[in-house]
Amino acid sequence: MLGVWLLAAWIAPPLRAEDGYDLWLRYRALAPEHADAYRAAASQLVAGDATPTQAATRAELLRGLEGLLGAAPPLSAAVTRPGALIVGTPASSPLIARLGLQTGGLGREGYLIRSVVVDGHAATVIAADEDIGALYGAFHFLRLLQGGQPIARLDVRERPRLQRRVLNHWDNLDRYVERGYAGQSIWDWHKLPDWRDPCYTDYARANASIGVNGTVLNNVNANAQILTPMYLEKVAALAGVFRPYGIRVYLSARFSAPIEIGGLATADPQDPAVRRWWRDKADEIYRHVPDFGGFLVKANSEGQPGPQDYGRSHADGANLLAEALAPHGGIVMWRAFVYSHEEPEDRARQAYSEFVPHDGAFAGNVMVQVKNGAIDFQPREPFHPLFGAMPSTPLMMELQITKEYLGFATHLAYLGPMYEEVLKADTHARGKGSTVARVIDGSLHRYALTGMAGVANIGSDRNWSGSHFDQANWYAFGRLAWNPALDARAIAEEWTRMTFSNDPAFVAPVVEMMMGSREAVVDYMTPLGLHHLMGRGHHYGPAPWVEGGPRADWTSVYYHRATREGIGFDRSASGSNAVAQYAPPVARRFGDVGRVPEEYLLWFHHVPWDHRMRSGRPLWEELVHRYARGVDYVKRMRATWDGLGAHIDGERHAQVAAFLAIQQKEAQWWRDASIAYFQTFSGRPLPAGQAPPPHPLEHYKALQFPHAPGDGR
Ligand code: GCV
């Protein structure tokens, strides 16, 4: 028996080392049972290359099929044998025109994939109205093959539910990435426009494969230099690389740019010279980039300049830029992440207070970009009360892909369930079923513009995202931006198959592990609705003791409000009354300590340490239990992963294993430090079986991390 095993081990080819660069587009050889069937269904490729997008589509199919099946199918102008793959539009392909497929209604980006019979031969057709739709269809087809899915009787009809599916890079011009954990910015500004790194093309391929159709190149904490002629040439070079892949370039605009690079004395939106400056600047940008998407703006937030500096409103500011972009078809994505330095109001209430009065006052080419929750991308937040509250202003969702508050690059936290949770949340804005997804897809309020933004986790690291599993969050963002109704588990499975292996013995445990991983982070960092308890500035590690400094809402004590009596932020009617910003059925539920979902308990209520939880435990014991549960989950992920080494290459397996070890250490640290701190308030013993923190509280408080990555600067 041992001999047979040794022989098999000797014969089996070693799994080639992989560094993660290929993302989910690896196109490694499929198992024979799949490859043989697929070969018969892709015996020749009928696809043109008359435009750059057509050429990209054809090249991707050839590359994918060659990798997956061992050889690329021959190109052909006509169907001459069974199993042809035909790709194109009625305009680009006489064959597709002749088939008379119902491409109407697919829109610019939609496609269909259908099993058909052409000239007596079974064939598969990928058809669209525009080239870009055919490219998306080609990626869909390849995804089916990569996942080992049946392709004999295909009848797929797809179109994106959201129009603007945009990555937001928080990349500075010196290549530092704010909240970036994957190295430097991938934009090598210094060498652009002359050197166009091949990774820009691979970036475009990866994004097109998941339907991302826009990218904001620079940080929302913007430097006006990006709007100068020298940088616009560089921007144009990137736009040229991305164009064939259907990706438009956008820029973050600094509101005070007319002063900083325009030589004006003011940036007041009502000033005629300022208006002229922005119009001229927009004209200049479109001379460089004719399909420029528009501006993203962070104004009057965290020290950024904005219209309020001149006594004007957010609508005044957004409309100034909108007016300049409108003649060219550009849009403004105006962020609702605002909270003022002077305002004593609960920070969770401020965006709603500032924006709702201006509903309907924004120009037709403005979208207001709203983070999923009202504080800041915490491991768990209730949905932002602005969703459903601005029926006359298109709201787009802003999700964070980079894990600023979920363990940076090393913690395995699959964010699909978090994105799904907010998209499925019911705002009750127009009765039951008024989900956040229906707000942003425009169906609830008939928005003319729709979109979703994701703060990118991409950097110069060879594996793009700083860790192999963080690639899944980029992937999930794109898939949900295409269709917010998709299921996070199905996305995880797709990604796992494409990124690692189709072997069910690998796929099932990995998907299981991913699906609970975000909840584990919530447990070991901020259980039961706690939030904003991380290290000051860099946001690394636990620091519930943070207090003092320039502003109360940059501390932890502002959010947890622990006393000897209890813990939590009272946002009910007896407190800040932030609950009143939700539609009445939601407000009643969140505002009632007996009905609020326990995962939001301490977000909305200040409750005594002996508050009885649904488990029957008093709050203090439940809190300790949750911290431990989070750590235990990570231990189990490690054990699972350790047992999966035979299924994938050693290089990626080893890095994930090492990162899980870091995660376990840091999860334990979060648990220990948090318990040590909160016990000074609760004054209660740890429940039986719970080990005391190994160090006194002062040890945890003294830890310093001056060079933790990604800090804002
Ligand atoms: C780009 C949080 C982050 C900041 C970020 C800000 C924003 O506060 O910590 O780094 O700044 O959000 O979204 O504008």
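**Notebook: salt bridges and the ligand site**

I began with Glu-323, which is partly exposed at a relative accessible area of 29% (buried means under 20%, exposed over 50%, partly exposed in between, with a 1.4 Å probe and protein chains only). The model is predicted: local features need pLDDT of at least 70, side-chain atom pairs count only at pLDDT 80 or more, and totals for chains, interfaces and linings use all residues. Residues are numbered from 1 along each chain as its sequence is written, and side-chain values use heavy atoms, without hydrogens and water.

Entry on salt bridges. I looked up the partner of Glu-323 and found Arg-275, joined to Glu-323 by a salt bridge of 2.5 Å, N to O (a side-chain nitrogen of Lys or Arg within 4 Å of a carboxyl oxygen of Asp or Glu). Arg-275 is partly exposed too, at 31%.

I then turned to Asp-649 and Arg-652, whose side chains form a salt bridge at 2.8 Å. Asp-649 is buried at 2% relative accessibility, and Arg-652 is buried at 2%. Shared partners link Glu-18, Asp-22, Arg-26, Arg-28, Asp-649 and Arg-652 into one salt-bridge network. I noted a count of 44 salt bridges.

Entry on the ligand. I looked up its polar contacts (pairs of N or O atoms within 3.5 Å). A polar side-chain atom of Lys-298 lies 2.6 Å from a ligand oxygen, and Lys-371 places a polar side-chain atom 2.6 Å from an oxygen of the ligand. For Glu-302, a side-chain N or O atom is 2.8 Å from a ligand oxygen.

Note on methods
Polar contact = N/O pair within 3.5 Å; in protein donor to acceptor, adjacent residues only side chain to side chain.
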